[in-house]
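Trainee: I have a new model open on my screen and would like to learn how to read it. Could we go through some features together?

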Amino acid sequence: MASTFFSWLRSPKAREYFFSTHFWGPVANWGLPLAALADLQKDEDVISGAMTTALTAYSLVFMRFAWRVQPRNYLLFACHATNATAQTIQGGRFINYWYMGGKERAKQEQPLKA
């Protein structure tokens, strides 16, 4: 298996792939899910519900596109699957904070300031 991969890596097909938008588009797009994963550590009060919903929908649409395009773009699919997952988690955090009593619990857990 490894020898097959390395022989492909030296082939013109590999160069064609690595110098195409089929490769560099998803690589550039990985900034979205990496930022979303970093945002999972931030406070819930800074989460935008509208933007989280929009980014989730965007990633779901492009996951389908990456799957339907020929040849399939697995790198783009993985990028948007990661982003959709992170945005769904952010959406859950948003709903918990603003609509399920998370804001009140966060206020109760804060130490009193003198």
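Mentor: Gladly! Let's begin with a rule: a salt bridge is a side-chain nitrogen of Lys or Arg within 4 Å of a carboxyl oxygen of Asp or Glu. Keep in mind that this is a predicted model.

Trainee: How many salt bridges does that rule give here?

Mentor: The count is two. In one of them, the side chains of Arg93 and Glu44 meet, with 3.6 Å from N to O. This pair links distant parts of the chain, 49 residues apart: Arg93 sits in helix H6, and Glu44 in the loop between helix H4 (31-39) and H5. Lys42 also forms a salt bridge, with Asp39, where the closest N and O atoms are 3.3 Å apart.

Trainee: Is Arg93 buried or exposed?

Mentor: Buried means under 20% relative accessible area. Arg93 has 16%, so Arg93 is buried.

Trainee: How do helices H5 and H6 pack, and at what angle?

Mentor: For angles, over 145 degrees counts as roughly antiparallel. Helix H5 (residues 49-68) and helix H6 (residues 74-99) pack at about 155 degrees, their axes 8 Å apart. That angle makes H5 roughly antiparallel to H6. Their crossing is left-handed.

Trainee: And which residues form a nonpolar patch on the surface?

Mentor: Look at Phe5, Phe6, Trp8 and Leu9, which together have about 360 Å² of accessible area. Trp8 lies in helix H1 (residues 2-9) and, at 32% relative accessibility, counts as partly exposed.

Key: Residues numbered from 1 in each chain as written. Predicted model: local features only at pLDDT ≥ 70, side-chain atom pairs only at ≥ 80, totals over all residues. Heavy atoms only, no water. Patch = residues over 30% accessible without salt bridge, like charges linked within 9 Å, V, L, I, M, F, W, Y side chains within 5 Å. Areas by Shrake-Rupley, 256 points an atom, 1.4 Å probe, with all protein chains shown as cover. Helix = DSSP H or I, 4+ residues; strand = E, 2+ residues; numbered from the N terminus. Buried < 20%, exposed > 50% of the residue type's maximum accessible area, 1.4 Å probe, protein only. Axes fitted to C-alpha atoms, helices over the stretch in contact; angles between N-to-C directions. Parallel < 35°, antiparallel > 145°, perpendicular 65-115°, else oblique. Left-handed = near helix turned anticlockwise from the far one by under 90°.
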